[in-house]
Amino acid sequence: MSDVAPFGDFVEKSRTVLGNLVDMTRDISWSELLTFWCGFNHQDDTFSWGSYLRVVYCNDPDNVGAVSRNYPGNYVSTTRYSLVNFIPKSLFEQFRRVANLYFLAIACVSYSPVAPFTPLSTFAPLVIVVGAAMTKEALEDWRRRKQDINANNRKVEVYCRKDHEFQVTRWKNVRVGNVVKVCKDQYFPADLFLLSSSYVDGICYVDTMNLDGETNLKLKQSLDVTSVIKDEKSLEAFDAVINCEKPNGNLFSFAGMLKYGGRDYPLSLRQILLRGSKLKNTDFIYGVAVFTGHDTKVMQNATNPPSKRSKIERKMDKIIYILFSILILISCIGSVIYGIETRRDLDGRRMRRWYLRPDESTSLFDPKRAPLSAFLHFLTGLMLYNYLIPISLYVSIEIVKVLQVVFINQDQEMYHKETNKPSRARTSNLNDDLGQVNTILSDKTGTLTCNSMEFVKCSIGGVAYGQTETEVERALARRDAESSNIDEEVPAGMAGRDMQPAPSKRRIKGFNFRDDRIMDGEWGNQENAEVIREFFRALATCHTVIPAIDRSTKEQFYEAESPDEAAFVVAAREIGFEFLDRKQTFITLLERDFRSGRHVNRKISILDILEYTSTRKRMSVIVRTEEGRLMLYSKGADSEMFKRLSEKGRRFETETMKDIKSYSQSGLRIMVVAYRELNEEEYRTWKEEIEEAKADLSADREEWVHAVADKIEKELILLGATAVEDKLQEGVQECIEMLAEAQINIWVLTGDKQETAINIGYACRLLRQQMQLIIVNLDLPEIVELERTKDREGIEAASVASVRNQLFEGMNRIALANKFDAQFGLIIDGKSLDCALSKKLEDLFLNLAGGCATVICCRSSPKQKALVTRLVKWKMGRTTVAVGDGANDVSMIQEADIGVGISGVEGMQAVLACDFSIAQFRFLERLLLVHGHWCYRRIAMMICYFFYKNIAFGFTLFWFEGYASFSGQPAYNDWYMSCFNVFFTSLPVIALGIFDQDVSAYLCLKYPFLYREGVKNILFSWHRILGWMANGLVSSVIIFFCMTNTMTYQALRKNGKVTDYEVLGIALYSSVVLAVNCQIALSINYFTWIHHLVIWGSIAFWYVFLMVYGSLSPTLSTTAYMAFLETSAPSILYWLCTVLLVATALLPYLSYRAFQMRFWPMPHDVIQQLHRDGAKGNDPGTNVPVGDERTPNEKLSCGGSGTP
Amino acid sequence: MSSTNNAPPSTAAASKRPKYSKFTQQELPACKPILTPRWVISAFMLISIIFVPIGVAALFASRDVIEIVDRYDSVCVPANETDKVKYIQTPGFKTCNRTLTVPKHMKPPIFVYYQLDNFYQNHRRYVKSRNDQQLRDSKEANSVSGCKPEDYNNNSAIVPCGLIAWSLFNDTYSFSRKNVPLNVSKKDISWKSDREHKFGKDVYPQNFQSGSLIGGAKLDSSIPLSEQEDLVVWMRTAALPTFRKLYGRIEVELQENDVIDVTLGNNYNTYSFNGKKKLVISTTSWLGGKNDFLGIAYLTVGGLCFFLAVMFTIIYLVKPRQLGDPSYLSWNRNPGWH
C-alpha cells in the first residue's frame, strides 16, 4: 500500500486525491522522511521522460501489441484487504504493535508448562482486544469496498468496432484503446485522450474538483485533426497509435505523441481527461482510454498522507517501556529469589521442603539445576506480571478517539451556515495534541481573510482612484484614535459575530469600488482616458476566466481560477468593458464607447496565454485586436513587473509606486498592469520558439517555456495597478485575542508585502498598540546597492551579516525591555527569512522569535512556510498547528504537528492534506480551547488512570509472590484476571475518556488561560504520571498488606473455617476492583448517568460474575467453585475488610487532592470553584453571551494574557 | 467557489448542519463533584464517624474470642535428640503430652486447629499437584496428569494423587479434662461444596502412601474421599505460608482454669524446613477468630480521617481563603510568555 520509493516533490505528492483514507493504525511516520526531501527539487525518478513506454492502439484494444503489453483492466480496488488476505494481513497489522506482540507471545507460551495461567484465559482478552480492532478495520474496508463496487459498475458507452456502434458496458470492462463516449455530467471512467467533443472546435469543460479540489472548470481541447471525428461512422475508420509516458501520479503533466494519418502530433495535458473528473457544459465527448484502472493518474496518486502521532501517544510509549523495565526487574527479583529458594530445597539427599519432592524434579523446579529453573521462572514472571501492561489501553484509546472525532464533527458551534460546512476531523490520532498547541502558524489569505476579493482601488496612469474605506484603514484609524484601551468595544467573546456590513445599494460580488471620476462612463472625460481604456482592456482580456450562466437565476457569472481574477473581470465590466464570451481563439468584449455611449462588440483574437504560476508571479496574453494590432497585456506582482518596464514605459512609475505603497499599507493586494505592442516579425520568431519549447518533452520543458515567455514579457509600458481587498473573516480578531490569552503564539506566514502584513496584523489584532515591533528586512540601501552589482556571494554575505545584526539588535531590545513586561512583534521578510533559516542563524532567529508574542513572516514562499514550521516544531520543541486553505499551504500543513485546513473558497488541496478541516478561522478557537482542551485532558487522565489501575492490580500479584516463595502462583483465579482489563475496569475509563469535562465549553472559552494546562502539559507531566503510578503502588501495598494482616490464619466466620487461597484471592480482587472503580469515580469531574451505569455496573458485574462463574460445575470453575457464595459472601470479615481497604486505598488521593485544592489549586479547580460558589447553578450553557459576569473575567484575563 | 456569483444555492444539497442531541453536543446533564472544603471535611468526618464505631466493635469481637495457642514442635522432641529431622523421620508413632489451661470460660463450639508455619501450600508446584477429576469421579482413577511425582506407584495410579494429598498432615490430638476424654467432632469441618461436588462419594483411596517415601497421613481405603474430611480440609490449600486448618470441634463448654491434657501424635515433619507447629483451641465471634488488626485498622483510618477533618477545619478557619480566588493561579504571579 505504501509505496515509498517515488519520493516526488512532496508538495506534488500531497495533492493527493481520493482514498486518502486515514490510517489510524500506522505507527511509522513517513513525514520525517518526506520532510527530508523538502527543499530539494527532487526529480521524480519513476518517470523517465522522452521514453515512450506505453503504446496505445486507439480503437483497437485487441491489437497484438496491446495484448502483449497486458495492460491492467479498468477494475479498481481501493480496499486494503480482500476476503482472502483479510485475516493474515490485518492480523499482521495488529501485531506490529509491540504490546500486542508481547501479549501474543504470552498467549502462545501459555501452552507451555512455564505459564502460570491456563492458555484459554490468556487468549481470551487478547482475542477480544485484537478482535475489536480488526472489526473496526473490516468495517472501514467494507465501506471502501462498497464504493469500489459502485465505481466499477458504473455504465459507460464503449465503441464496438464489430457492431459499428456504441454499446453500454460497465466501467470495469473498459480497456486501454477503447473509444468511449462520455456525456454531460458524467465522470470519466479512465484517463482518456480527448478525440472530439460536441463543440465544433473540440473543446470541453471539465470539473476537476475531486482531483485538485479546484472548483473552477478547466478547458480541454482536442487536436484539430481528431476534432472532426464526430460520429460512429468516422470512428469506424479511425486508427491511431499513441506513444506516451508510463503510468505515473503526476496530475499536472502528460507527455505523449499521437501517430495518426502518418503524422506525429505532440500531446499534452490539454488533451487528457483524467479519471475522477467530470464532464461539464459539454454534451458529450469521445475519448480513447489511455490509462485504465490502477494505472490512472488518480489511482497512482492515491497514497496515504503521512501519518502523525500525538505527543501523548509518543510519551505513552515511553511509559510502556518503563513498565516493561519494571516488569523485567520484578521478574528478575522473583526468579533470583526463586532460584535461591529452590537450590536450598535439596542439600545432598536431605530435602528441605520435602512436600515439594525436590528429589523428583522437573526443570521448572530443579534444585540441582537452580539457574535453569530460575530462568524458566523468569519467563513465568514475565507472563505473570503482564498485568502491569494494560492490554486494552490501545484499543480503549482508539474507541475514545473515534468518539471524540464524532463530537468534533457534530459540533453545531463549528458549523458554518453560509458555506454549509461542518468541521471535519480527518484523523483521530491528534485529538489530544489539539490541547497542547503553543504555536499557530497561519496563512493569511483565505485563512484570516475571506478570500473573497473585492476590487476597491486602482491607480491608473499615476492617478489614484477609488474612495472606499477598507477594513484595515478603519482599524488604523481606530488605532490612532484610541491610544490606550484598545480592547474596549468588543469583549473577548462571541459578540459581534453575526454583523454583516450593510449593503448600500445592490452589491456586486467582487466589486466595492466607488469613484465618480471613472464610473458610469465618466472615465472618458479624464485626462488620461487612453491609459484608462488600455488599463481596463487589459483587465478584460488578460485572464483565464470562463463566463458561465447560472442555471437558476439565468445570470451570467465568471468561473475564475482565483477570486482576484474574477474581481478584475467584474471591475472591467462595471466600468464598461464587459467580457462576454470565450471561444477557442478569440474572446468577445462588449465595450461602451465613451464618446458615443454606444455598446460595441469587439472580437479579440487570443494568440497566446502565458499562464500565471507562483514562480512567474505574472501572466500575459498576446492578442490581435480588431484593428489588427498585436498587443501583449500583462499583469503581475509589482516586484516582477517593474523589472520589465521599458524606459519610456516608466512614465508613471513614481506615482504608481507611491500609490502601491499606500495601498499595501491599507492591506490591499496589488497587481501591476502593463502592456506593449508587438511587431509581427518579433512575434513570429518568438512564436516559433515557444512552440518548440512547448513541444519539448524533456524534464526542463517548463523552465524552457518560462525562459521563452520571459523573452517577450519585457519592454512593457506601465498602465497602473489594481488594489483588491480581501476582507478579514468574521470573528478573526476575537479569536486571535482569545488565542493570545491562552498564550498561544501566532505566526503568520504570508506572501504579502511587509506593509500589508503589518497592517493586516493590526487589523486582526495580532499586533497591538502597546507592542513593540522588531522589523527584520533586507530592503536596506546598501543591500539594494549591492544587488545592482549582481555579485551573488557578496550579496549573500552582506545579507547574512545584516540579518545577523538585526536579529542581535532585536534580542537586545527584548533583553532590555523584559523588566517592563513589554511585548514584541517580529516582522521578517522572505529574503531575510532565507538567511535567518540558514544553519548559522536559525538558533538566533528562533531565540528571538521565541521571545515575541507575534511573528509575521511576509513574502514567504510555500517552501519557507514548511521550513519555518519544521524549525519551530523540532528546534523549539513546540506543538504546532498550521492553518491554511490553499495548495501553497499543503507543505506547511503536512509538516506541522497538526494541520488544519480551512475549507474555504480556494479549493480542496489543503483540506485533503489536513488533519482537521474547519470552515472559518474563528472555529479554531473552539477546536483548540474546547475540543482540544477536553480531548487532551481526557486522554491524559485516561492513560494515567490506566497505568494506575494496572499497577495497583499487577503489584498485588507481585506481593503475593513474596508470600509464595516466588513460585509463580498467581493470587487469583485465571479468569478473574483475564476479565480485569476487559470487563471490570475498562468501561468506566472509556466513559471518562469520552465524556469528562473539567469545565463547560462556555467556561473554556471564557477563561482561555485554562488552555495552558495543556500547553504546559500539566496533566501529562512525568510528575503526574509518576504520581499516578505511585498512587497505584500505594494502593496495591495498602490492599495487599492490610488484607493479609486481616485475613490471616484465624477463622473467617463464626463457623470456624479459615481463609484459604481462594477466599484471599476473592477478597484481594474485590478490593482492587472496588478501589480502582471508586478511584475513577473520585477523579471524574462530570458525572452523567452513563458514568453511574458503567462504574457501579462494573462493580456489580464483578459480583455477578463471581456468582455465575462460581455456580458453574467445578470442572469449569475449578477453585472458584462456590467460593463466593459459600465462603466469602456470608463472612462479615470479608465485607468489612473490603470497605476498609477501599477507603484506605483512596485516602492518599483524597487527601492529596484536598491539600492541592487548598494550597496550590490547578486552574480548572479555581474555575470550578468560582462557578460553584459565585454562580451556583448559574452556568449558562454555551449560547449566552458574556455580559453579567465580567468582573472575574477581567480579573483573570489581566494576569492571563500578561498585558500590563 | 471562485465565481463571481456563487453557485446556485437552491439546488444545494441538504444542510450538513449537525443534528442536535445532548450527547453529540456534549451537554448531557451531569453532576459535577468538586472538592470544596465543606465536601472534604464532611467526607473525612463521615469516614471517621463510620469507621471508629466499626473499629471498636471489631476490636470487641476480637477480644471476646478466647484462644489457646500451644507451640509444640520443639517441645515434643526429646531434649537429647540433636537431629530433629532424623527423629521425626524414624518410623513409629511419637506421642507427646501437653497440658493447657483454659484462661476464660469458652462456649461451644470450640474449634481445634493446627497451625503450620513456613509451609508453602501456595507453591505453584504444590498447588498444581492434584487432579480434580480423579478426586471427583471414580471412573477417572487413572487421570493423574499434573500429579507427578506422586502419580503412579508400582505401575498403578495413586488415588488421591499428587503432592498435596501425599503430604497430608498426620499429627493427631486427643483431649481430656480431668481424665475425662473430650470428644472432638470431625464432622463438618470442611466446606460443604467440597464434600459434595469436589470429592466423590464413591471414590476410595487406592494405592495411597504405598511408595518408598511416605509423606504424611495414610487414608482408610474403605471410606470414600468425600468423608475423609481431614483430607478435604488439607486439600483446600492455604493462601499464605502461615496457616491454620480446622482439626475438629469440641462441643462442650470449657470453664475458666480448666486444665486440658492433650495427647498428641507428633508425626509431621516440619523440622526440615524449620516450620513451627501449633495447636490452637479457639472460639469464634460474629467476626470470626481472634485478630485485632481489623479493629485497629478501622480505628486508625477513622482516627486519621478525624485528624484530617479537624486539620482542614482549622486551616479554613484560621486562614480562610476566598474560593476560586484566581490569584492562586501559579502563572498569574509571573506573567510572561515562557
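This is a predicted model: local features need pLDDT of at least 70, side-chain atom pairs count only at pLDDT 80 or more; totals for chains, interfaces and linings use all residues.

Next I checked which parts of chain B do the touching. The elements of chain B that each supply at least two residues to the side touching chain A include α1 (37-64), β3 (110-116), β9 (243-250) and α8 (293-318). Of these, α8(B) gives the most, with 12 residues. Sorting that side of chain B by residue kind, I got 61 nonpolar, 33 polar and 19 charged.

Then I wanted the extent of the contact. Chain B puts in 113 residues and chain A puts in 141 residues. The area buried between the two chains comes to about 11400 Å², and carbon and sulfur atoms give 61% of that.

Salt bridges were next on my list. I found four between chain B and chain A. One of them I looked up by name: the side chains of E150(B) and R357(A) meet there, at 2.2 Å from N to O.

Last entry, a strand within chain A. Is β7 (residues 217-221) of chain A enclosed or open? Four of its five residues are buried, so β7(A) is largely enclosed by the rest of the structure. Its neighbor β6 (residues 203-207) of chain A runs antiparallel to β7(A), and five bridges join the two. I noted one pairing there: V206(A) has K218(A) in β7(A) as its bridge partner.

How values were computed: Residues are numbered from 1 along each chain as its sequence is written. Chains are lettered from A and ligands numbered from 1 in the order in which they are written. Side-chain values use heavy atoms; hydrogens and water are left out. Contact means heavy atoms within 4.5 Å. Buried area is the accessible area (1.4 Å probe) that two parts lose on being put together, summed over both. Ala, Val, Leu, Ile, Met, Phe, Trp, Tyr, Cys and Pro count as nonpolar, Asp, Glu, Lys and Arg as charged, and the others, Gly among them, as polar. Buried means under 20% relative accessible area, exposed over 50%, partly exposed in between (1.4 Å probe, protein chains only). Two strands pair if DSSP finds at least two bridges between them.
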